[in-house]
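This briefing is meant to be read with the structure open beside it. Please follow each point on the model as you go.

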Amino acid sequence: MISGRYNLFVLTMMKTPRVKICCIGSVAEAQLAIKYGASALGLVGPMPSGPGVIASSLAHEIVRAVPPPISTFLLTSETTASRILAHHQKVPTSTIQLVDEIATKEYAVLRSGLPGVKLVQVIHVLNEGSIAQAQKAAEFADAILLDSGNPGLPVKSLGGTGNTHDWQLSVAIKKAIDIPIFLAGGIKPDNVRDAVQTVKPHGIDLCSGVRTNGKLNENKLRAFFEELKKA
(Lines give C-alpha, C1' and ligand atoms only; values in the text may rest on other atoms or scores of the structure.)
Protein backbone atom coordinates (compact mmCIF):
# COMPACT_ATOMS: atom_id res chain seq x y z
CA MET A 1 0.00 0.00 0.00
CA ILE A 2 1.24 3.47 -0.88
CA SER A 3 1.26 5.82 2.08
CA GLY A 4 2.56 9.20 3.15
CA ARG A 5 2.59 12.45 1.19
CA TYR A 6 2.33 10.72 -2.20
CA ASN A 7 -0.54 8.34 -1.51
CA LEU A 8 -2.90 10.07 -3.93
CA PHE A 9 -0.31 10.54 -6.63
CA VAL A 10 2.22 7.75 -6.83
CA LEU A 11 0.51 5.00 -8.78
CA THR A 12 3.50 3.83 -10.72
CA MET A 13 1.94 0.64 -12.03
CA MET A 14 -0.62 2.55 -14.08
CA LYS A 15 -0.03 2.21 -17.82
CA THR A 16 -1.68 5.51 -18.69
CA PRO A 17 -1.46 8.86 -16.90
CA ARG A 18 -4.16 10.13 -14.62
CA VAL A 19 -6.37 12.69 -16.31
CA LYS A 20 -7.51 15.92 -14.70
CA ILE A 21 -10.21 17.80 -16.56
CA CYS A 22 -10.04 21.42 -15.52
CA CYS A 23 -12.39 24.40 -15.73
CA ILE A 24 -15.36 22.29 -14.64
CA GLY A 25 -18.38 24.58 -14.71
CA SER A 26 -21.30 22.47 -13.51
CA VAL A 27 -22.27 19.20 -11.88
CA ALA A 28 -23.22 17.93 -15.35
CA GLU A 29 -19.71 18.67 -16.67
CA ALA A 30 -18.20 16.88 -13.70
CA GLN A 31 -20.34 13.82 -14.36
CA LEU A 32 -19.46 13.85 -18.07
CA ALA A 33 -15.73 14.07 -17.37
CA ILE A 34 -15.93 11.20 -14.87
CA LYS A 35 -17.97 9.11 -17.31
CA TYR A 36 -15.14 9.15 -19.85
CA GLY A 37 -12.34 8.47 -17.39
CA ALA A 38 -11.26 11.61 -15.55
CA SER A 39 -9.77 10.80 -12.15
CA ALA A 40 -9.52 14.45 -11.09
CA LEU A 41 -11.50 17.62 -11.67
CA GLY A 42 -10.27 21.21 -11.55
CA LEU A 43 -12.40 24.04 -10.14
CA VAL A 44 -11.11 27.51 -10.97
CA GLY A 45 -11.31 30.31 -8.43
CA PRO A 46 -10.76 34.03 -9.12
CA MET A 47 -7.89 34.63 -11.54
CA PRO A 48 -6.30 37.72 -13.08
CA SER A 49 -7.00 36.22 -16.53
CA GLY A 50 -8.00 32.99 -18.22
CA PRO A 51 -11.09 30.79 -18.56
CA GLY A 52 -13.20 28.65 -16.29
CA VAL A 53 -13.66 30.88 -13.24
CA ILE A 54 -16.73 29.96 -11.20
CA ALA A 55 -18.22 31.20 -7.95
CA SER A 56 -17.16 29.47 -4.76
CA SER A 57 -20.78 28.47 -4.08
CA LEU A 58 -20.98 26.59 -7.40
CA ALA A 59 -17.56 25.01 -6.87
CA HIS A 60 -18.70 23.79 -3.45
CA GLU A 61 -21.85 22.32 -5.01
CA ILE A 62 -19.72 20.41 -7.53
CA VAL A 63 -17.38 19.11 -4.82
CA ARG A 64 -20.36 17.75 -2.88
CA ALA A 65 -21.59 15.90 -5.99
CA VAL A 66 -18.26 14.23 -6.85
CA PRO A 67 -17.81 10.63 -5.63
CA PRO A 68 -14.88 10.09 -3.22
CA PRO A 69 -12.55 8.18 -5.58
CA ILE A 70 -12.33 11.27 -7.78
CA SER A 71 -9.89 13.99 -6.71
CA THR A 72 -11.08 17.59 -6.70
CA PHE A 73 -8.57 20.41 -7.24
CA LEU A 74 -9.16 24.00 -6.14
CA LEU A 75 -7.19 26.33 -8.39
CA THR A 76 -6.29 29.36 -6.32
CA SER A 77 -4.27 32.41 -7.28
CA GLU A 78 -3.89 33.46 -3.66
CA THR A 79 -0.28 33.62 -2.47
CA THR A 80 -0.59 33.75 1.31
CA ALA A 81 -1.53 30.80 3.48
CA SER A 82 -4.25 32.72 5.30
CA ARG A 83 -6.05 33.62 2.09
CA ILE A 84 -5.56 30.15 0.61
CA LEU A 85 -7.03 28.59 3.77
CA ALA A 86 -9.98 30.97 3.58
CA HIS A 87 -10.54 30.07 -0.06
CA HIS A 88 -10.39 26.36 0.70
CA GLN A 89 -12.88 26.76 3.53
CA LYS A 90 -15.38 27.91 0.89
CA VAL A 91 -14.41 25.14 -1.56
CA PRO A 92 -13.28 22.08 0.44
CA THR A 93 -11.48 20.09 -2.24
CA SER A 94 -9.13 17.16 -1.69
CA THR A 95 -6.29 19.05 -3.39
CA ILE A 96 -5.18 22.66 -3.71
CA GLN A 97 -3.52 23.73 -6.95
CA LEU A 98 -1.31 26.74 -6.34
CA VAL A 99 -1.18 28.51 -9.69
CA ASP A 100 1.20 31.24 -8.56
CA GLU A 101 4.46 31.12 -6.62
CA ILE A 102 4.21 31.27 -2.84
CA ALA A 103 6.87 31.87 -0.20
CA THR A 104 8.32 28.66 1.22
CA LYS A 105 7.16 29.57 4.74
CA GLU A 106 3.55 29.45 3.57
CA TYR A 107 3.69 25.71 2.85
CA ALA A 108 4.18 24.87 6.54
CA VAL A 109 1.15 26.94 7.48
CA LEU A 110 -0.92 25.16 4.83
CA ARG A 111 0.26 21.74 6.04
CA SER A 112 -0.69 22.64 9.58
CA GLY A 113 -4.07 24.03 8.63
CA LEU A 114 -4.99 21.35 6.10
CA PRO A 115 -3.16 18.15 7.09
CA GLY A 116 -5.23 15.89 4.83
CA VAL A 117 -5.19 18.09 1.73
CA LYS A 118 -2.62 17.63 -1.04
CA LEU A 119 -0.69 20.57 -2.47
CA VAL A 120 0.12 20.77 -6.18
CA GLN A 121 2.41 23.61 -7.18
CA VAL A 122 2.16 24.97 -10.71
CA ILE A 123 5.40 25.80 -12.51
CA HIS A 124 4.98 27.87 -15.65
CA VAL A 125 7.61 26.49 -18.00
CA LEU A 126 9.31 29.48 -19.59
CA ASN A 127 13.04 28.79 -19.71
CA GLU A 128 15.89 26.95 -17.98
CA GLY A 129 15.13 28.84 -14.78
CA SER A 130 11.91 26.87 -14.51
CA ILE A 131 13.96 23.78 -13.64
CA ALA A 132 15.42 25.38 -10.50
CA GLN A 133 12.00 26.78 -9.61
CA ALA A 134 10.51 23.28 -9.81
CA GLN A 135 13.32 21.79 -7.72
CA LYS A 136 12.67 24.33 -4.98
CA ALA A 137 8.90 23.77 -5.00
CA ALA A 138 9.35 19.99 -5.00
CA GLU A 139 10.77 20.20 -1.48
CA PHE A 140 7.35 21.26 -0.20
CA ALA A 141 4.62 20.19 -2.64
CA ASP A 142 3.08 16.76 -3.23
CA ALA A 143 3.22 17.15 -7.01
CA ILE A 144 4.28 19.65 -9.65
CA LEU A 145 2.03 20.76 -12.50
CA LEU A 146 3.84 22.08 -15.56
CA ASP A 147 1.83 24.71 -17.41
CA SER A 148 2.25 27.38 -20.07
CA GLY A 149 1.30 30.59 -18.29
CA ASN A 150 3.49 33.60 -17.63
CA PRO A 151 3.25 35.26 -14.20
CA GLY A 152 5.61 38.00 -15.38
CA LEU A 153 3.13 39.65 -17.74
CA PRO A 154 1.49 42.97 -16.75
CA VAL A 155 -1.71 40.94 -16.28
CA LYS A 156 -0.58 37.59 -14.95
CA SER A 157 -1.31 34.54 -17.07
CA LEU A 158 -1.65 31.65 -14.63
CA GLY A 159 -3.09 28.92 -16.85
CA GLY A 160 -5.79 28.13 -19.34
CA THR A 161 -3.78 29.56 -22.23
CA GLY A 162 -4.39 26.70 -24.65
CA ASN A 163 -0.71 26.93 -25.59
CA THR A 164 1.94 24.25 -25.34
CA HIS A 165 5.40 24.91 -23.95
CA ASP A 166 8.78 23.32 -24.59
CA TRP A 167 8.23 19.70 -23.56
CA GLN A 168 11.97 19.08 -23.51
CA LEU A 169 12.13 21.47 -20.57
CA SER A 170 9.33 19.43 -18.98
CA VAL A 171 11.44 16.31 -19.47
CA ALA A 172 14.38 18.04 -17.78
CA ILE A 173 12.18 19.04 -14.85
CA LYS A 174 10.84 15.50 -14.51
CA LYS A 175 14.40 14.19 -14.31
CA ALA A 176 15.40 16.84 -11.77
CA ILE A 177 12.72 16.18 -9.16
CA ASP A 178 11.46 13.11 -7.33
CA ILE A 179 7.75 13.86 -6.99
CA PRO A 180 5.03 13.29 -9.59
CA ILE A 181 4.37 15.79 -12.37
CA PHE A 182 1.21 16.70 -14.22
CA LEU A 183 1.60 18.07 -17.75
CA ALA A 184 -0.69 20.90 -18.84
CA GLY A 185 -0.77 23.55 -21.53
CA GLY A 186 -2.40 23.04 -24.91
CA ILE A 187 -3.02 19.32 -24.48
CA LYS A 188 -5.76 18.03 -26.81
CA PRO A 189 -6.73 14.87 -28.71
CA ASP A 190 -4.33 15.71 -31.55
CA ASN A 191 -1.20 15.87 -29.41
CA VAL A 192 -1.82 13.86 -26.25
CA ARG A 193 -0.02 10.81 -27.61
CA ASP A 194 3.11 12.88 -28.34
CA ALA A 195 2.83 14.55 -24.93
CA VAL A 196 2.68 11.26 -23.06
CA GLN A 197 5.40 9.58 -25.09
CA THR A 198 7.74 12.58 -24.79
CA VAL A 199 7.29 13.59 -21.15
CA LYS A 200 5.85 10.43 -19.56
CA PRO A 201 4.03 12.43 -16.90
CA HIS A 202 2.14 11.02 -13.96
CA GLY A 203 -0.91 12.99 -15.05
CA ILE A 204 -2.34 15.04 -17.90
CA ASP A 205 -4.29 18.23 -17.23
CA LEU A 206 -6.44 19.95 -19.82
CA CYS A 207 -9.18 22.52 -20.18
CA SER A 208 -9.67 24.09 -23.63
CA GLY A 209 -8.56 20.96 -25.50
CA VAL A 210 -11.89 19.24 -24.82
CA ARG A 211 -14.15 22.29 -25.00
CA THR A 212 -16.12 24.19 -27.63
CA ASN A 213 -17.07 27.79 -26.85
CA GLY A 214 -16.08 27.16 -23.26
CA LYS A 215 -18.35 24.15 -22.78
CA LEU A 216 -17.16 20.59 -22.28
CA ASN A 217 -17.57 18.80 -25.62
CA GLU A 218 -18.46 15.12 -25.35
CA ASN A 219 -17.06 14.24 -28.78
CA LYS A 220 -13.72 15.88 -28.01
CA LEU A 221 -13.67 14.21 -24.60
CA ARG A 222 -14.27 10.81 -26.17
CA ALA A 223 -11.58 11.43 -28.81
CA PHE A 224 -9.10 12.51 -26.15
CA PHE A 225 -9.46 9.34 -24.09
CA GLU A 226 -9.30 7.18 -27.21
CA GLU A 227 -5.99 8.81 -28.19
CA LEU A 228 -4.69 8.55 -24.64
CA LYS A 229 -5.25 4.80 -24.66
CA LYS A 230 -3.15 4.54 -27.83
CA ALA A 231 -0.29 6.29 -26.09
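The model is a predicted one, in which local features need pLDDT of at least 70 and side-chain atom pairs count only at pLDDT 80 or more, while totals for chains, interfaces and linings use all residues. Residues are numbered from 1 along each chain as its sequence is written, and side-chain values use heavy atoms, with hydrogens and water left out.

**Helix H3**
- The buried residues of helix H3, which spans residues 81–90, are Ala 81, Ile 84, His 87 and His 88.
- Seen down the axis of H3, these buried residues fall within an arc of 125 degrees, so they line one face of the helix; the arc is that of the directions from the helix axis to the C-beta atoms.
- An α-helix has 3.6 residues a turn, so residues three or four places apart point the same way.
- The cover over the buried residues of H3 includes helix H2 (56–65), strand E3 (71–76), strand E4 (95–98) and helix H4 (104–113), with contact meaning heavy atoms within 4.5 Å.

**Helices H5 and H6**
- Helix H5 (residues 129–137) and helix H6 (residues 167–176) pack at an angle of about 30 degrees, with their axes 9 Å apart; axes are lines fitted to C-alpha atoms, for helices over the stretch in contact, and angles run from 0 to 180 degrees between N-to-C directions.
- Ser 130, Ile 131, Ala 134 and Gln 135 of H5 meet Leu 169, Ala 172, Ile 173 and Ala 176 of H6, and the residues of this contact divide into six nonpolar, two polar and no charged.

**Ser 157**
- Ser 157 is found in the loop between strand E6 (143–147) and H6, and at 12% relative accessibility it counts as buried.
- Leaving aside residues up to four places away in sequence, Ser 157 touches Ser 49, His 124, Gly 149, Asn 150 and Pro 151.

**The whole chain**
- The chain has eight helices and 10 strands, which are DSSP runs numbered from the N terminus (helices H or I, at least four residues; strands E, at least two).
- Of the 231 residues of the chain, 51% count as buried.
- Among contacts in the chain with a separation of 6 or more, 59% are accounted for by residues 24 or more positions apart.

Methods:
Ala, Val, Leu, Ile, Met, Phe, Trp, Tyr, Cys and Pro count as nonpolar, Asp, Glu, Lys and Arg as charged, and the others, Gly among them, as polar. Buried means under 20% relative accessible area, exposed over 50%, partly exposed in between (1.4 Å probe, protein chains only).
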